[in-house]
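Here is a briefing on one protein model. Please keep the sequence and the 3D view open while reading.

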Amino acid sequence: MPNAHIIGLGRSGIAAARLLKREGWDVTLSDSASAESLASRHTSEIFQQQQQQLTDNGITVKLGYSFTPEGEDLPQLIVVSPGVPWDIPALLRARELGIETIGEIELAWRRLQSCPWVGITGTNGKTTTTALIAAIFQAAGFNAPACGNIGYAACELALSETPPDWVIAEISSYQIESSRLLAPRIGVWTTFTPDHLSRHKTLENYFNIKAKLLNQSPFQIFNGDDPYLRENAPDRFVNAYWTSVKGKAELIADRGFYIEDGWVVDRGDRIVETSSLKMVGEHNLQNLLMAVAAARLAGIEKNAIAQAIANFPGVPHRLEHICTWQGIDFINDSKATNYDAAEVGLNSVNAPAILIAGGEAKAGDDTGWMKKIQEKAAAVLLIGDAATAFAKRLEEIGYSHYEIVETMARAVPISAELAKQHQAKVVLLSPACASFDQYQNFEQRGDDFRHLCLEFQERNSAD
């Protein structure tokens with residue numbers, strides 16, 4: 001019986017383990033986190049049920065265990081979850097020993113490559129663009145689930161009894177890095193700014209990892225309004241389709257998609273009115289363009305596109321309206337996990353705003369974000385590990401309207417009071433940070449914000 005080791009007890013790792021077990025592999029699933037740590041991220045009952053199901057399926061689970069490829073019983077295959085660094089010593093050693101080592105999405109690709117894929121990558125904008133594309137394909141009658149970093153784990157689709165018509169996959173640089181054969185029919189590159197440099201080391205390396213996905217995609221779509229892509233991609237991708245919210249004159253090639261007179265235009269053909277998209281911000285018009293481009297290259301007709309866009313509710317955790325209390329809108333932008341995304345978030349709301357920011361800081365240039373804070377934020381509440389460093393940066397630029405509140409539970413009621421004091425109409429959670437200091441992921445952080453806001457609104461509704 002072939003032997004496989006799965007690293008990472010998340011949704012992706014569990015799906016990969018179940019898939020290989022079904023195919024007759026002897027499967028071990030490990031996680032360096034302890035049972036207590038993992039259980040704290042869920043309810044203990046759900047965690048125990050999950051553990052029991054894996055054991056009942058004959059999958060060996062090792063918690064608080066750091067895999068090392070040594071001894072006689074080496075696995076023939078190692079599958080890593082998206083959050084596991086590709087260059088940890090154990091994986092480097094495994095590859096030296098000739099053990100096949102792949103990411104979970106590569107495993108799914110190998111089982112689902114008979115289906116056409118749309119692969120969406122980029123620094124920011126991936127999730128919204130992926131959700132829009134999936135909504136359009138589904139409105140056209142396709143079984144086209146979103147997966148990867150949104151929706152299902154890719155291997156969950158491979159486990160399904162009914163194979164999808166299209167796979168719509170949000171694919172991070174981590175997942176591309178751990179994939180060798182992954183080749184979507186349509187590749188979409190949304191934006192490119194410095195991010196994940198603590199892992200990828202250089203901007204060039206980060207760019208080349210992203211470029212690999214597009215190189216392996218027969219049809220390529222690029223955001224033509226992104227300065228870095230516009231400068232660095234055209235010579236490498238001479239047959240690509242480009243998009244621009246600024247009109248046809250800004251396109252790099254004639255085969256592009258653009259906005260003109262309030263319409264998304266496909267090579268001269270009006271497709272859908274931009275006013276039908278309910279989401280705010282120019283960046284979402286760019287996301288709309290890329291989604292329409294993918295749909296048109298897949299042969300989808302205008303009416304399905306128009307129907308999907310008119311009914312699209314937006315994406316959770318990305319400028320998501322939670323509630324309105326005494327004329328103050330509470331908006332969840334937990335998906336803004338870097339400076340550029342947080343700058344876009346602030347740019348999309350009306351000033352003055354009360355900003356909640358902080359978490360686990362990332363490397364990058366915060367200049368644009370700091371400038372936007374000066375322009376739009378009446379006050380900033382700082383949470384998480386980055387709070388002290390962010391406070392220092394705000395002092396450096398002469399901004400003093402901040403307070404270190406440490407937790408979301410403190411931030412929400414204080415933000416409401418500050419909004420009343422400053423006559424601000426918006427409380428915006430847009431952290432500019434990863435969430436791993438206090439939460440399992442940005443979704444859990446956003447869910448906590450939503451819960452606290454709704455609880456605050458209910459408790460103070462009679463005020």
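This is a predicted model: local features need pLDDT of at least 70, side-chain atom pairs count only at pLDDT 80 or more; totals for chains, interfaces and linings use all residues.

Residues are numbered from 1 along each chain as its sequence is written, and side-chain values use heavy atoms, with hydrogens and water left out. Strand 17 is largely enclosed by the rest of the structure. The structure holds 17 aromatic pairs. The second largest pocket has a volume of about 660 Å³.

- Helices (H or I, at least four residues) and strands (E, at least two) are DSSP runs, numbered from the N terminus.
- Strand 17 spans residues 353-358, and six of its six residues are buried. Buried means under 20% relative accessible area, exposed over 50%, and partly exposed in between (1.4 Å probe, protein chains only).
- In a regular strand the side chains alternate between the two faces of the sheet.
- Both faces of strand 17 are covered. Ala-353, Leu-355 and Ala-357 are buried on one side, and Ile-354, Ile-356 and Gly-358 are buried on the other.
- Strand 17 pairs with strand 18 (residues 377-383) in the parallel sense, over six bridges. Two strands pair if DSSP finds at least two bridges between them.
- Strand 17 also pairs in the parallel sense with strand 20 (residues 426-429), over four bridges.
- Ile-354 faces both partners: Ala-379 stands opposite in strand 18, and Val-427 stands opposite in strand 20.
- A right-handed β-α-β unit is made by strand 17, helix 15 (residues 367-376) and strand 18. Right-handed means that, with the strands pointing away from the viewer, the path from the first strand over the helix to the second runs clockwise.

**Strand 9 and its neighbours**

- Strand 9 covers residues 186-189. Ile-186 and Val-188 point one way, Gly-187 and Trp-189 the other way, and all are buried.
- Strand 6 (residues 117-121) runs parallel to strand 9, joined by four bridges. Gly-119 stands opposite Gly-187.
- Strand 10 (residues 219-223) also runs parallel to strand 9, again with four bridges. Ile-221 in strand 10 is the bridge partner of Val-188.

**Aromatic rings**

- A pair of aromatic rings is described by the distance of the centres and the angle of the planes.
- Rings of Phe, Tyr and Trp (its six-membered ring) pair if their centres lie within 6.5 Å; planes under 30 degrees apart count as stacked, over 60 as edge-to-face and the rest as tilted.
- The structure holds 17 such pairs. Phe-137 and Trp-166 have ring centres 5.1 Å apart and planes at 75°, so the pair is edge-to-face.
- That pair links distant parts of the chain, 29 residues apart. Phe-137 is in helix 6 (residues 126-139), and Trp-166 is in the loop between helix 7 (154-159) and strand 8 (167-170).
- Both Phe-137 and Trp-166 are buried.
- Trp-189 and Phe-192 form another edge-to-face pair, 5.9 Å centre to centre with 80° between the planes. Trp-189 and Phe-192 are both buried.
- Ring pairs link Trp-189 and Phe-192 into a cluster with Tyr-206, Phe-207, Phe-222, Tyr-228, Phe-237 and Trp-242.

**Pocket and cavities**

- On a 1 Å grid over the protein atoms alone, a cavity is a set of points where a 1.4 Å probe fits but cannot get out, and a pocket is an open set with protein on both sides within 12 Å along at least five of seven lines; lining residues have an atom within 4 Å of a point.
- Grid points are joined across faces, edges and corners, and a volume is the space filled by probe spheres set on the points.
- The second largest pocket is lined by 25 residues. Thr-191, Asn-223, Asp-226, His-283 and Val-344 lie nearest its centre.
- Helix 12 supplies the largest share of that pocket lining, five residues. Helix 11 (227-232), helix 12 (282-297) and helix 14 (339-347) each supply at least two.
- The lining of the second largest pocket divides into six nonpolar, 11 polar and eight charged residues. Ala, Val, Leu, Ile, Met, Phe, Trp, Tyr, Cys and Pro count as nonpolar, Asp, Glu, Lys and Arg as charged, and the others, Gly among them, as polar.
- There are two cavities of 30 Å³ or more. The largest cavity holds about 60 Å³ of space.
- The largest cavity has 12 lining residues, with Val-80, Pro-82, Gly-103, Gln-175 and Ser-178 nearest its centre.

**A helix residue**

- Ala-308 sits in helix 13 (residues 302-311). Ala-308 is buried, with a relative accessible area of 7%.
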